[in-house]
Amino acid sequence: MEAFSAGTLAGAGSFQCEACGYAIALHELDEVPACPNCDGDSFKRSSMFGESVKQESPQPKEESPDWLAEAREALMADGNYIAYEDDDRVQVVPLQEGWTRVGRSLSAHIRFDDPTVSRRHALVFCDESGARVLDDRSLNGVFRNGDRVELEELVDGDEVQIGRFRLFFLGLAGDGEATGTPEPNDSVLA
């Protein structure tokens, strides 16, 4: 299989790091990045229909960033939020009831123009019972607190990793109290 080095034009398709197997999706003129998992610089074409490679968490769980506490304190209204840092700017997005799309697509509510993020990467669903994150058939997966998930309940302070981005779920109800803390017998789909 033909290998591509970082910086070369690859064309459209799926690629896999030759060192660790981390998968990325590229469009026509995207440059092949350094691997977000191992910093490798050699990728090979792969097929999304080929054999499945079990991927572990792309990075070990890190401590919460310094800006997170400041972002939480700045919130004035109760509700659910997603906070993240992109290009050294902190973004805090209020979540509305229903679906919030996360991905590289122009139609995504939370958009990341990055080859480690699928066009339709994840969905966050909020209603009166709480919030859940759903992997929308992404290539690199969705990780909650370091574990790969398909559909999982979100509670205040959860870290959701999408490609190379770390998103933090903030749930506030009255006086800045955390929301979404499930009882021991709560079901994910309840």
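This is a predicted model: local features need pLDDT of at least 70, side-chain atom pairs count only at pLDDT 80 or more; totals for chains, interfaces and linings use all residues.
1. Residues are numbered from 1 along each chain as its sequence is written, and side-chain values use heavy atoms, with hydrogens and water left out.

2. The secondary structure comes to 1 helix and 16 strands (DSSP runs, H or I of at least four residues for helices and E of at least two for strands, numbered from the N terminus). Of the 190 residues in the chain, 42% are buried (under 20% relative accessible area, with exposed meaning over 50%, 1.4 Å probe, protein chains only).

3. In helix H1 (residues 67–74), the buried residues are Trp67, Leu68 and Ala71. They lie on the same side of H1, because they cover an arc of only 100° around the axis (taken from the directions from the helix axis to the C-beta atoms). The buried residues of H1 pack against strands S5 (79–86), S6 (89–94) and S15 (165–173) (contact being heavy atoms within 4.5 Å), whereas Glu70 and Glu73 are exposed on the face turned away from the buried side.

4. Among contacts between residues at least 6 apart in sequence, 46% join residues at least 24 apart.
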